[in-house]
Amino acid sequence: MIKVAVLGYGTVGSGVVQVITENQEIVAKRSGQEIQVKYVLDLRDFPGDPIQEKVVHDFNVILEDSEIDIVVETMGGTKPAYDFVKASLEAGKSVCTSNKELVAAHGAELIQIAKDKGVNFFFEASVGGGIPVIRPLNDCLTADKILQINGILNGTTNYILTKMSREGSDFDAVLKEAQDLGYAEKDPTADVEGYDACRKIAILTSLAYGKQVDYEDIYTEGITKITAEDFAYANKLQASIKIFGSSKMVDGKLYAMVAPQMILADNPLFAVNDVFNAICVTGNMLGDVMFYGKGAGKEATASAVVSDVVVATQQMGNNVQILWDADKMEVASMDDMENRFFVRLAGQDKAAVEAAFGPVDYVEAGIEGELGFLTGKMKEKDFNAKVSAMDGFITRIRLGF
Ligand code: HSE
């Protein structure tokens with residue numbers, strides 16, 4: 001029997017206990033032995049909850065108990081999660097976590113400690129909730145050079161943008177509705193400003209190239225400036241606006257960003273709506289492969305955590321290789337990234353538009369007093385220089401087509 005301690009009895013932690021309990025038989029069969037939750041660490045007590053007898057408030061009880069082979073970390077944030085996870089690995093316990101902040105900031109170091117100690121540090125649920133993407137990247141896409149990763153990595157923002165697209169509503173109104181329904185956090189900053197997706201694309205990119213990609217180096221733009229008018233243009237183009245975490249290798253340089261993009265119906269990510277996530281990975285031999293599913297939510301995320309517990313049990317005494325060195329991988333400047341842009345400009349001066357951008361494709365969405373157009377492909381720095389020299393610039397959205 002494998003005994004597990006769960007750190008944090010919030011949404012995901014309680015989901016982990018639920019999955020281990022409800023799917024006990026199948027989990028035991030696949031693990032090769034029974035999995036039992038021995039402790040739940042939380043600041044709170046849970047009177048009346050079946051785990052009430054298992055609640056401990058002192059992490060050292062878990063650390064010092066040699067019966068605990070696997071620690072599940074579902075606290076979120078880096079403090080005190082980092083100290084608890086590091087101490088667990090150093091004590092020879094495997095760790096399975098859903099914590100993207102922890103993995104993005106300390107993944108390389110924790111993977112190395114696990115390797116040195118002959119245990120495992122797994123983090124399937126840190127990206128894409130219940131979607132299996134970490135293990136496929138690490139264990140399956142091993143024959144390919146990864147050329148590109150493009151993901152809808154945040155359920156909250158995908159829900160908001162889907163609603164805005166369908167209903168023609170404004171960002172603020174949809175955000176409020178999402179908060180009332182419990183989809184968006186009371187403080188939605190990490191989601192709507194793209195910080196959550198930034199950590200997730202940093203994790204995926206670090207795994208794809210085997211080196212540390214610092215999330216602080218990734219250009220990040222959220223969705224707070226996207227308007228109902230932008231969607232009127234997108235609808236006219238039969239396009240959608242979605243926020244992507246993207247990274248790609250071009251001429252040996254790594255480009256990465258989180259930003260809203262307009263995409264057409266032929267993009268495999270076009271139909272990914274509501275709170276769903278999807279990640280499209282392009283390999284040089286395989287071509288495109290796509291992973292789709294619930295990117296958040298109690299049971300889905302817990303399912304991914306427990307799948308890690310199953311592998312950790314199967315691999316007890318054996319470190320599963322994860323290539324992610326502490327060596328830093330440089331992210332190229334956005335200045336040289338090439339994109340096409342959708343632009344809105346106040347006024348009707350087509351001559352000025354064409355003098356700056358050459359031939360463009362105008363989009364007529366029936367919005368008075370402005371021009372909407374699509375540019376050709378150009379470097380970000382050239383685009384920025386052109387728009388800063390023009391009067392009446394309203395907004396721009398990069399094209400994913
Ligand atoms: N806030 C995140 C989201 C939760 O909306 O996708 C899952 O990481």
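User: Which side chain has an N or O atom 3.0 Å from a nitrogen atom of the ligand?

Analyst: This is a predicted model, where local features need pLDDT of at least 70, side-chain atom pairs count only at pLDDT 80 or more, and totals for chains, interfaces and linings use all residues. Residues are numbered from 1 along each chain as its sequence is written, and side-chain values use heavy atoms, with hydrogens and water left out. A polar contact is a pair of N or O atoms within 3.5 Å. The side chain with that 3.0 Å pair belongs to D191.

User: What share of the ligand's exposed area does the protein bury?

Analyst: Areas come from the Shrake-Rupley method with a 1.4 Å probe. Taken alone, the ligand exposes 260 Å². The protein buries 81% of that.

User: How do the shell residues divide into nonpolar, polar and charged?

Analyst: The residues around the ligand (a heavy atom within 4 Å) include K100, D191, D196 and K200. Gly counts as polar and Ala as nonpolar. The division is one nonpolar, four polar and four charged.

User: Which residue forms a salt bridge with K100?

Analyst: A salt bridge is a side-chain nitrogen of Lys or Arg within 4 Å of a carboxyl oxygen of Asp or Glu. A polar side-chain atom of K100 also lies 2.7 Å from a ligand oxygen. In the salt bridge, the closest N and O atoms are 2.7 Å apart, and the partner is D196.

User: Why does this pair tie together parts apart in sequence, and how many residues apart are they?

Analyst: Helices are DSSP runs (H or I, at least four residues), numbered from the N terminus. K100 lies in helix 5 (residues 100-117) and D196 in helix 10, so the parts they tie together are 96 residues apart in sequence.

How values were computed:
Polar contact = N/O pair within 3.5 Å; in protein donor to acceptor, adjacent residues only side chain to side chain. Helix = DSSP H or I, 4+ residues; strand = E, 2+ residues; numbered from the N terminus.
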